[in-house]
Amino acid sequence: MTQSENPDEGQTGGALRLPVLPLFETVVFPLATQPIQVGRQASLQAVDEAVRQASGRTPDGKRKVARIVLVTQEDATKQDVAPDDLMKIGVLAELGPMFRLPDGTVQLLALGKERVRILDYVRTEPYLEVDVETVESEIEHTREVTALMESLKELIAIYGNLRGSLPTEALSTAPQLEDAGALADLVGHIPEIEPDDRKELLATLDVLQRLHRAHEMISEQVEVLELKSRISSEVQKNIDKTQREYLLREQMKEIQRELGELDPEQAEAQEWREKIEAANMPEKAREKAEKEVDRLERMPAASPEVGMIRTYLDWLVGMPWSASTDDRLDIREAAEQLDRDHFGLEIVKERILEHLSVRTLATELRSPIICLVGPPGVGKTSLGKSVAAALGRKFARMSLGGVHDEAEIRGHRRTYIGALPGRIVQAIRQAGSNNPVIMLDEIDKVGADFRGDPTAALLEVLDPEQNNEFADHYLEVPFDLSKVLFITTANVLYTIPAPLRDRMEIIELAGYTEEEKVQIGLNFLVPKQLRFHGIGEDQLTITPEAVRLLTREYTREAGVRQLEREIASVCRKVARRIAEGNTEPVLVGAESVESFLKAPRYTWGVAEDEDQIGVATGLVVTDEGGDVIPVEVTLMDTKANFILTGQLGDVMQESARAAMSYVHSRSVDLGIRPSAFENHAVHIHVPAGAIPKDGPSAGVTMASALISALSGRKIRRDVAMTGEITLRGRVLPIGGLKQKVLAAHRAGITTVLFPKKNIKDLEEIPEDVRSAMTLIPVDHMDDVVKVALLERPGPADVMHYAHFDAILLPGLDSSWQAPPPAPAG
């Protein structure tokens, strides 16, 4: 690039040489007048150069006009521009009046004359100067061009009508324009068009293409304005409708006043007051309700708070403040109702009948809080409906399993959108009386997180000293819960917080005996499943022997849910036979059960097939009730070691070590060579290794298995045992004796050893179980050894034992004779 040798020369060949005025974002079109403020130093010098070149007069005596090339920047953010930063197409403009402002900038008026193409930059310092040529082209007025021009003129007129007025005076000249290019350029004057679209329009040299692009641009603007107009019209229509309704409502109020009638707001308030009067609320609740009615009466109907107040009033007047049911005080009738619905469960039935008996004598009696604890399937949940029916009360049930939010119990405050009362209040309103039976199911499975602890909220609900003024966050007035009979259910107690547990009367349901299951199956489950499957009693008969077989060999549970599923499976197969056209009556006996349900899942009888060394049968309590587990002990000929496996908890591991220490200390009396502990590794394993186990009650079982393995004495397979052991061999009391004995009975075990201090718990065990089993109380491990272990082996038998070197017997060791066993205690 070279500078011109004659800077005063304004034309070289067919091109014009003129200074350049770069524009940040403004796009100037031919025939357009544009005010411009010049502030950059290079631009000011370019303007000065244009003015200098225009000094003097033309040969014909006319005054020269200052001319400059207006070029828009590609990037509007740049201050210092180079040739590559500018468009290739610009506009040749004449400079009109100019004013130099105090801050050094110049305000001028530029009149666009014609499009020019930049051929070359002949100067870049201290301002830009270029050679340009004009690029305007003529176009033939074809039908397409004429149609486009007419459409453009119509769109410009529509644009002006929608906008209210044309933004520039140039657009008003559109109807008179016959120049197609100039008409297309007019669209660039519309202020809503983006700068990049203006640059594109300026750079489009083909007039037909420019017409098409201009048509697209103004069509888009017309669509936007039509949409705005439609939206404004709808909004105005709604506003006019609201204003009209308001005026009509005010006029109606005035007319009603003249006629002595109530307006809608007053009529609604009067209706609420009548409902409040009929609800027979306590004083505090009545005052709160009337206060809300006064607020509702004064509030505009369009206020969003009106709906919230109506919902709140609906809850207040809908609560059974004084509505209650009369208790059925006929003790015999209530007992018959309980017996009809449930077999067994005598403790629960007795407690309900005791409550009814006291109600007949004392009218003002607070209802008890009963917690039924037991394994699944023993009838805890269904018992609630039976209790409600026996008392003649309404029944409501709510499951607490998985509840983590305190607001589920106490409700949400009314400041929250969509707030509602807690589930306790909802249950009472659903019941429709203030003294229903409410069952809180799965109370042991309530959780706590960042939203609060629901068990803390239940402390007030389940406390007879506090629940007479239970405050729900939504109602904001106290409600008396002392007349409600709460029955809670749980599978275990240890997950229930102690303060909550202390407020409830715990009744443990250990499970059903075999005879009870047979009776439940025959009298309840079989008729129920026949009804569910649409089978008549004459079409299917299940014998008592079949139900007993199902109980023994197809189920192993404390409750009867699996038994019911097995009966349902038999009914389904019979239903299929009937559906296929075989209508002959079906008799299901013990011998035909396997044809319906295939092979049995369990084996009825003792836990082990034969008496073994190192295997003792223990009794445990689980969430599903009692269970029977074997404890295995084996010896290994290696260095001394003590191994415990089977996912044993800390307490159970400590019991195993205590048992080991006891056996070690009494080794001589038990016929165990003292060196056996140094020459053998002892491994204790409790099967079902995937299930965690813990508790001290397996201490006696582990000690018996250790003695058996180290002394070579077999353990009776028909004996199960439970009890905690001390280092002195004492047997301490345990819990869950009923569940354990029932589990042993289900497994076919005939003898159970249990701590002597648990004798008081025998009365909880059903009489038929006690009569069918031998229950032996023990106070010391010597008592356990006498009953559970067989006689010491003779010399011939010892030689067949793999670890006979651990056994100490008279005659086998010439240097030592075993003393007689020490007395128990």
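User: Why is Glu564 called buried?

Analyst: In this predicted model, Glu564 has a relative accessible area of 17%. Buried means under 20%. So Glu564 counts as buried.

User: What makes Glu564 and Lys528 a salt bridge?

Analyst: Their closest N and O atoms are 3.1 Å apart. The cut-off is within 4 Å. The pair therefore qualifies as a salt bridge. Glu564 lies in helix 18 (residues 561–579) and Lys528 in helix 16 (residues 514–532), so the pair ties together parts that are 36 residues apart in sequence.

User: Is Lys528 buried or partly exposed?

Analyst: Partly exposed, at 29% relative accessibility. Buried needs under 20% and exposed needs over 50%. Lys528 falls in between.

User: How many salt bridges does a search of the whole structure find?

Analyst: The search finds 36.

User: Which residues are linked with Arg295 in a network of salt bridges?

Analyst: Lys288, Glu292, Glu305, Arg414 and Glu476 are linked with Arg295 in the network.

User: How do you know that Glu292 forms a salt bridge with Arg295?

Analyst: The closest N and O atoms of Glu292 and Arg295 are 3.2 Å apart. A salt bridge needs them within 4 Å. The pair meets that limit. Both residues lie in helix 7 (residues 283–298), three residues apart, about one turn of the helix. In general, residues three or four places apart in an α-helix point the same way, because there are 3.6 residues a turn.

User: What makes Glu305 a salt-bridge partner of Arg295?

Analyst: The closest N and O atoms of Glu305 and Arg295 are 2.4 Å apart, and the limit is 4 Å. The pair links distant parts of the chain: Glu305 in helix 8 (residues 305–318), Arg295 in helix 7, ten residues apart. Glu305 is partly exposed, with a relative accessible area of 32%.

User: Why is helix 23 described as largely enclosed by the rest of the structure?

Analyst: Ten of the ten residues of helix 23 (residues 737–746) are buried, so the helix is largely enclosed. The buried residues include Lys738, Lys740, His745 and Arg746. Leu737, Val741 and Leu742 are also among them.

User: What is the phi of Gly748, which follows helix 23?

Analyst: The phi of Gly748 is positive, near 85°.

User: How many aromatic pairs does the structure hold?

Analyst: It holds two.

User: Why is the pair of Tyr312 and Tyr474 called edge-to-face?

Analyst: The ring centres of Tyr312 and Tyr474 are 5.7 Å apart and the planes stand at 65°. Pairing requires centres within 6.5 Å, and edge-to-face requires over 60 degrees. The pair is therefore edge-to-face. Tyr312 lies in helix 8 and Tyr474 in the loop between strand 11 (470–471) and strand 12 (478–479), so the pair ties together parts that are 162 residues apart in sequence. Both tyrosines are buried.

User: Why is the pair of Trp321 and Phe479 called tilted?

Analyst: Trp321 and Phe479 are 5.2 Å centre to centre, with 50° between the planes. Stacked needs under 30 degrees and edge-to-face over 60. Trp321 lies in the loop between helix 8 and helix 9 (331–341) and Phe479 in strand 12, so the pair ties together parts that are 158 residues apart in sequence. Both Trp321 and Phe479 are buried.

User: How do you know that the charged end of Arg414 sits over the ring of Tyr312?

Analyst: The charged end of Arg414 is 3.8 Å from the ring centre of Tyr312. The distance limit is 6 Å. Arg414 also belongs to the salt-bridge network.

User: Which charged end sits over the ring of Phe24?

Analyst: That of Arg40, 4.0 Å from the ring centre.

User: What share of the 825 residues in the chain is buried?

Analyst: Buried residues make up 47%. The chain has 26 helices and 27 strands.

Terms used. Residues are numbered from 1 along each chain as its sequence is written. This is a predicted model: local features need pLDDT of at least 70, side-chain atom pairs count only at pLDDT 80 or more; totals for chains, interfaces and linings use all residues. Side-chain values use heavy atoms; hydrogens and water are left out. A salt bridge is a side-chain nitrogen of Lys or Arg within 4 Å of a carboxyl oxygen of Asp or Glu. Helices (H or I, at least four residues) and strands (E, at least two) are DSSP runs, numbered from the N terminus. Buried means under 20% relative accessible area, exposed over 50%, partly exposed in between (1.4 Å probe, protein chains only). Rings of Phe, Tyr and Trp (its six-membered ring) pair if their centres lie within 6.5 Å; planes under 30 degrees apart count as stacked, over 60 as edge-to-face and the rest as tilted. A charge sits over a ring if NZ of Lys or CZ of Arg is within 6 Å of the ring centre and within 35 degrees of the ring normal.
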